[in-house]
Amino acid sequence: MAVITIDKVSRWFGNVVAVNDVTMTIGPGITGLLGPNGAGKSTLIHMMSGFLAPSSGAVTLDGAPIWRNQQVYRQIGLVPEKESMYDYLTGWEFVLANAELHGLADPGAAAERALALVEMEYAQERQTGTYSKGMKQRVKMASALVHDPAVLLLDEPFNGMDPRQRLQLMDLLRRFGADGRTVLFSSHILEEVEQLARHIEVVVAGRHAASGDFREIRRLMTDRPHRYLVHSSDDRQLAAALIADGSTAGVEFDAGEGLRIQAVDFQGFTTLLPKVAREAGIRLYTVSPADESLESVFSYLVSS
Amino acid sequence: MNTTVARLTARGLFGRRRILILLAVPVMLLVIAVIARNSAIDKLELAHSILGSLALGTLVPITGLITGTGVIATEIEDGSIVYLLSKPLPRWKIVTTKLAVAVGASWLLAALPTYLAGLILYGTADGIAAGYALGTLVAGTAYSALFLLLGVVTRHAVIAGLAYALIWESLIGNYVEGARTLSVQQWGLSLTKAIAADGAVTAPVGLTTAVWLLIVAAVGATALASVKLSGLTLNGEE
C-alpha cells in the first residue's frame, strides 16, 4: 500500500508563499487535488514527485523522503503538465526509452503493455511531435505506467482534452484506482474532479482549504451563503415575500437591475423563490447567481 | 554510461537539420586550410594562425558551447528532462553519459577537422597536426564539461558560455598574462607543445599545470553538474 504523506509542508519562492503549512495524506484510490489556478497544486505535485524541496515540513512515500531520493521512482509514475516529450521520437520509441531507463528486464514487452493500456498502439509509429494534445497525454500516461507503479501523479491531465478523450482518460484512471493504486490528479474544475475522485483535497492560495469525500466538499460548497440577482414583473412585492422567509438573509432593491438577494439556505431558497413568485402572480425574468465564480466558492471554503 | 540516455541525447543533438549547422564550421575550417595552403605566407606561421587561433581559439570553444549546452540545456528548458529524472538513475550517470556524447561530438566536429586541416597545411612535419589535434581534443573535453555545467545551472547557458568563450578565452586569456593560466585554450596549447617538435609551438602555461587544471576543470564541472542536476527543480508556477 503506497501512501504519500505531506506533513506541515510550506514552500516559498522568495517572498511568495506558494504552499502554506499543508498537511495531507494521499492513499490508495483516486484523490482529486482541486483548486483555482495559482493555488499551489503544481507546487504540491512537484514536491510529491521529488522535483521540488519543501521549504519546511516533509513529503514522504511510505515513510521515505521523496526529495533527492531516486529510488522512489520505482514506485512513482509522473504525468507532468508540460507537453514537451522528445518530439523527434515515435510513441513507441518514447515509451520504450522510458522502460529502458527504469532498467526493466523486458522493456519491449513493458512498452507494448503500456501502449495497449492507453490504446495508443495505432499511432505508436508516429512521431510524438505530430500528436494531438489528447494523444500526447495518453502516451505520457503510458510512459508513467510502463514500470507498473504503485503511485500515479498527474498534473492537470484533462487540460485541453476534448470530451471523448476526457472520458477515456477517466475510465483509465478509474481502473488504476480500482486496482489499489494511489492516483492523484490536479484540476481546477470541480465537476471534473467529482466525476472521478471520491476523495478530494482542496487548496486555495497555498492553503489546505478542505479535505474529504466529494459529497462532503460539494455540500460545503453548496451550503454557503449564495447571492442572486433577480429581476421580475414586481420586484418590490417579491422582495417583501422573500424576506419573510428564513432562507433569505437580505434583499437589496436596485431600481435599475432588480433585486440583490442573499440566501443562507441554498435548498430552501431555490424551492421558495418559484413558489412565492407563483403564489403572488409575479413573473420571474432573470434569476442569476452573482457569486458563482470558482474563486468565490474557494474563498468561502478558506474562510469557513 | 547509460545507452538509452546516450541515444536520446545524440538524437536530440544531431537530429533534424542541426547536424548540418554543426558541420558547417569544421567544413569552413577545412576550406580555409585548402585555400591557405597555396598562399605565399610561411607555412608554420599559417598553421599557427589557422590551427591555433581559428581552430583551438574559436572553433573548439564554439563547438564545445553548442554540444556542451545542447546535450542538456534544451531538455531542461522545455521540461522534457523530467522523463530522465523521474527514473531510478543516478544523476552522475546521466551527466557523464551526456558529457560523453558532447565530448564525442566535440572530437568529431573540432579535433578531427583540426587534425585534417593540420595535415592539409603542414603535413605530418614537426608533429604540428597531431599536436593541435591533441590540444583541441583535451580543450574540447574541458569545454564540453564546463558548458554542460552551465547548461545545468543557468537558463541562459548559451549567452553565458558565449560571453565566457569570447571575453575570457579569446580576449583576456590571449592578452592578459595572468589570466592565461586559467584559459582552457592555453591548456590545450600546452599539450600541443608537448607533442610538437621542440620550438615549433610556444605555450605560456607549463605542461604539468595545464594537465592538472584540465583534470580539475573537467572532473570538477562534471561533479558539480551531477550535484546540481540532483537538486533540479521544476518551476513552481501554475
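In the predicted model, helix α1 of chain A buries A:K41, A:S42, A:T43, A:L44, A:I45, A:H46, A:M47 and A:M48. Buried means under 20% relative accessible area, exposed over 50%, and partly exposed in between, with a 1.4 Å probe and protein chains only. Helices (H or I, at least four residues) and strands (E, at least two) are DSSP runs, numbered from the N terminus. Helix α1 spans residues 41–48, and eight of its eight residues are buried, so the helix is largely enclosed by the rest of the structure. A:S42 has a relative accessible area of 2%. Its side chain is joined to that of A:D155 by a polar contact of 3.0 Å. A polar contact is a pair of N or O atoms within 3.5 Å; within protein, one must be able to donate a hydrogen and the other to accept it, and residues adjacent in sequence count only if both atoms are side-chain atoms. Just after α1(A), A:G50 takes a positive phi of about 80°.

The model is predicted: local features need pLDDT of at least 70, side-chain atom pairs count only at pLDDT 80 or more, and totals for chains, interfaces and linings use all residues. Residues are numbered from 1 along each chain as its sequence is written, chains are lettered from A and ligands numbered from 1 in the order in which they are written, and side-chain values use heavy atoms, with hydrogens and water left out.

The size of an interface is often given as the accessible area lost when the parts come together. Chain A and chain B bury about 3,000 Å² between them, 58% of it on carbon and sulfur atoms. This buried area is the accessible area (1.4 Å probe) that two parts lose on being put together, summed over both. A:F51, A:Y86 and A:L101 supply 27% of the area that chain A buries against chain B, more than any other three residues. The contact (heavy atoms within 4.5 Å) takes 34 residues from chain A and 34 residues from chain B.

Two salt bridges are found across the interface of chain A and chain B. A salt bridge is a side-chain nitrogen of Lys or Arg within 4 Å of a carboxyl oxygen of Asp or Glu. One salt bridge pairs A:E100 with B:R7, with the closest N and O atoms 2.9 Å apart. On the side of chain A that touches chain B, α1, α2 (91–101) and α4 (133–145) each supply at least two residues. Helix α2(A) gives the most, with six residues.

Elsewhere in chain A, A:M170 lies in helix α5 (residues 163–178). A:M170 is buried, at 1% relative accessible area. Beyond its neighbours within four places in sequence, A:M170 contacts A:F158, A:E192, A:Q195 and A:L196. The C-alpha atoms of A:M170 and A:F158 are separated by 9.0 Å, the two residues being 12 apart along the chain.

Two loop residues complete the description. A:R68 is not a glycine, yet has a positive phi of about 55°. A:R68 lies in the loop between β5 (64–65) and β6 (76–79) of chain A, and is partly exposed at 47% relative accessibility. A:A205 has a positive phi near 50°. A:A205 sits in the loop between β9 (199–204) and β10 (207–213) of chain A, and is exposed, with a relative accessible area of 60%.
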